[in-house]
Amino acid sequence: QVQLVESGGGLVQPGGSLRLSCAASGSIFSIYAMGWYRQAPGKQRELVAITSLGSTNYADSVKGRFTISRDNAKNTMYLQMNSLKPEDTAVYYCHLRIRDRGFSSPLLDYWGQGTQVTVSS
C-alpha cells in the first residue's frame, strides 16, 4: 500500500506563486508515471502535468508557468506554479502509477487527498 500526502495549497493573489508537494510512503518498486491533476467546482478533473518514462507533458493552459519535479531522496514530487491566474483555482491532486513488487507486478494507481488552491485578489 502507498500513501500520498499533499501540502502547499492556499490562497494567493493573481501573478503569485505556490509550490505543491506530494510525499509518498509505502512499498514502491518502480514509478511508471507521476502527475498532477486538478478539479474546479462544477468541472471534471483534468490533467495538469505528467511525467512518464522520461517524458513530461503539460496542459496547454499551464505550459511555461507550471513545472513538475521529483526528489527521489525524499520520495516527494512537486508542482511549482508561477504566474497564477484566477482560472487556476481548483483542488489539486497528485497521482502515482507504480509497480510495488517487481517488473511483473501489475500497475497500481494512487491519489493524494487533494489540496485547495485559490487564486484571487
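Me: Which residues lie nearest the centre of the largest pocket?
Reply: The lining of the largest pocket numbers 13 residues; on a 1 Å grid over the protein atoms alone, a pocket is an open set of points where a 1.4 Å probe fits, with protein on both sides within 12 Å along at least five of seven lines, and lining residues have an atom within 4 Å of a point. The model is predicted, so local features need pLDDT of at least 70 and side-chain atom pairs pLDDT 80 or more, while totals for chains, interfaces and linings use all residues. Residues are numbered from 1 along each chain as its sequence is written, and side-chain values use heavy atoms, without hydrogens or water. Nearest the centre are Ala24, Ile28, Ile31, Arg70 and Asn75.

Me: Which element gives the largest share of that lining?
Reply: Two or more lining residues come from each of β3 (18-26), β4 (30-39) and β8 (76-81), strands being DSSP runs of E with at least two residues, numbered from the N terminus. The largest share is four residues, and it comes from β3.

Me: Why is the disulfide of Cys22 and Cys94 assigned its handedness?
Reply: The handedness follows from the torsion about the S-S bond. Because that torsion is about 60 degrees, the disulfide is right-handed.

Me: Which backbone nitrogen does the side chain of Thr115 reach?
Reply: Thr115 lies in strand β11 (residues 115-119) and counts as buried at 10% relative accessibility, buried meaning under 20% relative accessible area with a 1.4 Å probe, protein chains only. Beyond four places in sequence, Thr115 is in contact (heavy atoms within 4.5 Å) with Glu6, Gly9, Leu20, Ala90, Val91 and Tyr92. At 3.3 Å, its side chain reaches the backbone nitrogen of Gly9.

Me: With which side chain does Asp100 make a polar contact?
Reply: Asp100 is in the loop between β9 and β10 (108-111) and, at 15% relative accessibility, counts as buried. A polar contact is a pair of N or O atoms within 3.5 Å; within protein, one must be able to donate a hydrogen and the other to accept it, and residues adjacent in sequence count only if both atoms are side-chain atoms. At 3.3 Å, the partner of the Asp100 side chain is that of Arg101.

Technical notes: Buried < 20%, exposed > 50% of the residue type's maximum accessible area, 1.4 Å probe, protein only. Disulfide = S-S within 2.5 Å.
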